[in-house]
Protein chains: 2
Amino acid sequence: MKALTKAEEQIMQILWDLKEAYVKDVLERMDDPKPAYNTVSTFIRILETKGFVKHRPIGKSHQYYPIVTKDEYRSFSIRRLLSGYFGGSFTKMASFFAKEENLDVNEIERIMEEVKKDVK
Amino acid sequence: MKALTKAEEQIMQILWDLKEAYVKDVLERMDDPKPAYNTVSTFIRILETKGFVKHRPIGKSHQYYPIVTKDEYRSFSIRRLLSGYFGGSFTKMASFFAKEENLDVNEIERIMEEVKKDVK
DNA sequence: TAGGTTTTACTAATTATTTAATAGTATATT
DNA sequence: AATATACTATTAAATAATTAGTAAAACCTA
């Protein structure tokens with residue numbers, strides 16, 4: 001999987017959110033100052049050539065939808081961070097975070113309970 | 001703090017590792033095919049203008065050293081990932097990771113023990 | 001001291017990314 | 001039919017990132 005550039009990622013976030021969208025729907029969700037319609041259109045087409053997005057023709061226009069899921073990209077991103085900064089170890093990352101946030105043992109317990117519940 | 005580009009980050013990783021280094025030391029540690037000496041030199045000077053690195057003149061040459069620590073940049077990177085992909089919640093990220101790796105409750109316990117030990 | 005070496009500083013060239021204008025096509029509207 | 005509207009496709013222009021050549025300074029060596 002190839003990494004997204006910042007502008008591409010911004011648009012993917014919106015597509016993941018909307019699940020399917022026309023160019024105008026994406027544009028609508030963008031922060032001010034909004035870029036030109038064609039700027040968005042171009043990026044979506046780049047995302048399509050990169051294999052992140054497909055479209056179905058609806059009448060004269062295109063409805064776009066993600067084919068790389070947000071989870072897949074999340075996973076890719078975590079892995080990149082882990083391997084670059086924590087020797088590939090999630091435990092190291094968790095420790096780092098805990099120290100940085102000054103989490104005490106109880107707070108760590110609470111987080112892990114949450115995780116356990118969620119995993120079930 | 002400003003994000004590093006890929007090439008800049010690569011060189012920072014080496015500087016963090018070496019703590020202090022001449023251009024040639026950094027070059028030495030780079031993967032083949034090695035870039036030109038001047039390429040490395042340029043990037044280090046960019047890092048200096050970005051405020052990640054300083055140097056002390058040693059004789060005719062410069063010894064470079066990081067002034068943004070790896071921990072500071074780690075922290076920045078985690079935060080960026082959390083806010084972009086996990087609604088800012090470390091718990092969510094941990095859950096995501098646990099599910100993805102199919103961690104069972106025992107494995108989660110083990111990680112938590114490790115983190116607790118480390119935090120003390 | 002003349003010629004080679006090492007290094008920094010400056011600058012240019014290349015490639016990637018971002019942005020949007022322009023042109024073309026189809027549909028709706030008057 | 002002529003005009004406006006809504007879109008896609010192509011292309012160009014602007015900016016950022018990457019790579020490295022060239023010049024200049026400082027040193028080393030025969």
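Where does Pro33(B) lie in chain B? Pro33(B) sits in the loop between helix H2 (23–29) and helix H3 (37–49); helices here are DSSP runs of H or I with at least four residues, numbered from the N terminus. Keep in mind that this is a predicted model, in which local features need pLDDT of at least 70, side-chain atom pairs count only at pLDDT 80 or more, and totals for chains, interfaces and linings use all residues. Residues are numbered from 1 along each chain as its sequence is written, chains are lettered from A and ligands numbered from 1 in the order in which they are written, and side-chain values use heavy atoms, with hydrogens and water left out.

Back to that loop. A cis peptide bond joins Asp32(B) to Pro33(B), with omega at about 0°. Now look at chain A: Asp32(A) and Pro33(A) are also linked by a cis peptide bond, with omega about 0°, and Pro33(A) is in the loop between helix H2 (23–29) and helix H3 (37–49) of chain A. Most peptide bonds are trans, and most residues other than glycine have a negative phi.

Lys19(B) has a positive phi, near 75°, and belongs to the loop between helix H1 (6–18) and H2 of chain B. At 61% relative accessibility, Lys19(B) counts as exposed, because exposed means over 50% relative accessible area, buried means under 20%, and partly exposed is in between (1.4 Å probe, protein chains only). Over in chain A, Asn102(A) has a positive phi too, near 55°. You'll find Asn102(A) in the loop between helix H5 (90–100) and helix H6 (105–119), exposed with a relative accessible area of 65%.

Next, the charges. Lys2(A), Lys6(A), Arg80(A), Lys2(B), Lys6(B) and Arg80(B) form a positive surface patch. To join a patch, a residue needs over 30% relative accessible area and no salt bridge, and like charges are joined within 9 Å; a salt bridge is a side-chain nitrogen of Lys or Arg within 4 Å of a carboxyl oxygen of Asp or Glu. Take Arg80(B), which is part of helix H4 (residues 70–85) of chain B and is partly exposed, at 45% relative accessible area.

Lys116(B) is a lysine to look at next. Located in helix H6 (residues 105–119) of chain B, Lys116(B) is buried, with a relative accessible area of 11%. What does Lys116(B) touch, not counting residues up to four places away in sequence? Lys116(B) touches Val105(A), Ile108(A) and Glu109(A), where contact means heavy atoms within 4.5 Å.

Note on methods. Patch = residues over 30% accessible without salt bridge, like charges linked within 9 Å, V, L, I, M, F, W, Y side chains within 5 Å. Areas by Shrake-Rupley, 256 points an atom, 1.4 Å probe, with all protein chains shown as cover. Lys, Arg positive; Asp, Glu negative; His and termini not counted. Charge placed at Lys NZ, Arg CZ, Asp CG, Glu CD. Helix = DSSP H or I, 4+ residues; strand = E, 2+ residues; numbered from the N terminus.
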